[in-house]
2 protein chains.
Amino acid sequence: MAWTLDDSRPIYLQIEDLIKTNIIAGVYQPGQKLPSVRDLAAEAAVNPNTMQKALSELERSGLVYTQRTSGRFITEDVSKMTELKEQLAREQIQLFLKNMEQLGLSREDIRRLLEKEWKEES
Amino acid sequence: MAWTLDDSRPIYLQIEDLIKTNIIAGVYQPGQKLPSVRDLAAEAAVNPNTMQKALSELERSGLVYTQRTSGRFITEDVSKMTELKEQLAREQIQLFLKNMEQLGLSREDIRRLLEKEWKEES
DNA sequence: ATTATTGTATTAATAAAGTAATACAATAAT
DNA sequence: ATTATTGTATTACTTTATTAATACAATAAT
């Protein structure tokens, strides 16, 4: 795993994002056991508490769960994961639309701007 | 003006957003003089420095400008304002697309989800 | 020229966020 | 039963962000 951290944002947030992305991308498979907090912390060269914070945040989202003394695991409930992804997507969309409306943009404006952006990206 | 503030976010950010929204919505007209820092602060019942911070942040965006001792004004450069709006929109879009892609969603997925959201909103 | 009004700079105080050190608790492994 | 490994709680430290008090500087108004 890459653990490329900078000081632009809190460490624990960067870690959370990295792991979350890897889970969603399927790098970590459902049911797979994660390394221990201490091992992950060593790997990423951060304080164990920092890693702990990242992981417990991640847990709130339901992507991972803990079994008291045996460790942390990626949720094996695939439908839950799908559901979660959809919920995150919905939140993103609603925030986005709220911001765009605050700029006085109509639905048609938004459609047009998205297509334009995609066209420019190629 | 409404000045409804809560403690969910820093005061100066909430103020910044309120004023920005009003400018973009045309409540404040181009060229219009804003009340003085002290007056605005009294109106919103905040410390003058807090208002000052909100306003100087707003200034960085180019929506308002200062004339040393006569006060602050809404930019009368309408094309600049349009330009700024477009830039803000572009930033929002790029952030949004980045986040959606991180969720593994394709362009077609995004189109579909937006239309769905709009349909549900009515 | 003086005064009142404007924005700004400086500094301090307070609050919140982030990171770290250490001790605890539970249980799987032996 | 003992030990090693796991996550967690508690506490303290440090840094950053936010708010506030106060003094300064420039100029429009008189």
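Helices (H or I, at least four residues) and strands (E, at least two) are DSSP runs, numbered from the N terminus. A residue is near a molecule or strand if one of its heavy atoms lies within 4 Å of it.

This is a predicted model: local features need pLDDT of at least 70, side-chain atom pairs count only at pLDDT 80 or more, and totals for chains, interfaces and linings use all residues. Residues are numbered from 1 along each chain as written, chains are lettered from A and ligands numbered from 1 in written order, and side-chain values use heavy atoms, without hydrogens or water.

**Stop 1: the DNA surface**

Select DNA strand C and the residues around it. There are 18, and the closest are Y12(A), N47(A), N49(A), T69(A) and R72(B). Now colour by element. On chain A, helix 1 and helix 3 (48-60) each give at least two residues to this surface.

Colour by class next. The surface has four nonpolar, ten polar and four charged residues. Here Ala, Val, Leu, Ile, Met, Phe, Trp, Tyr, Cys and Pro count as nonpolar, Asp, Glu, Lys and Arg as charged, and the others, Gly among them, as polar.

**Stop 2**

Which part of DNA strand C supplies the atoms within 4 Å of the protein? Sugar or phosphate accounts for 66% of them, and bases for the rest.

Zoom in on Y12(A). One of its polar side-chain atoms is 2.8 Å from a phosphate oxygen of DNA strand C. Then pick N49(A). An N or O atom of its side chain sits 2.6 Å from a base nitrogen of DNA strand C.

**Stop 3: where the chains meet**

Select the contact (heavy atoms within 4.5 Å) between the chains: 28 residues come from chain A and 28 residues from chain B. Together the chains bury about 2,800 Å², 63% of it on carbon and sulfur atoms. Buried area is the accessible area (1.4 Å probe) that two parts lose on being put together, summed over both. Highlight L103(A), R107(A) and W118(A), which supply 24% of the area that chain A buries against chain B, more than any other three residues.

**Stop 4: charges across the interface**

Show salt bridges (a side-chain nitrogen of Lys or Arg within 4 Å of a carboxyl oxygen of Asp or Glu). How many cross the interface of chain A and chain B? The rule finds four. Pick R107(A) and E121(B): their side chains form a salt bridge at 3.3 Å, N to O.

Methods: Polar contact = N/O pair within 3.5 Å; in protein donor to acceptor, adjacent residues only side chain to side chain.
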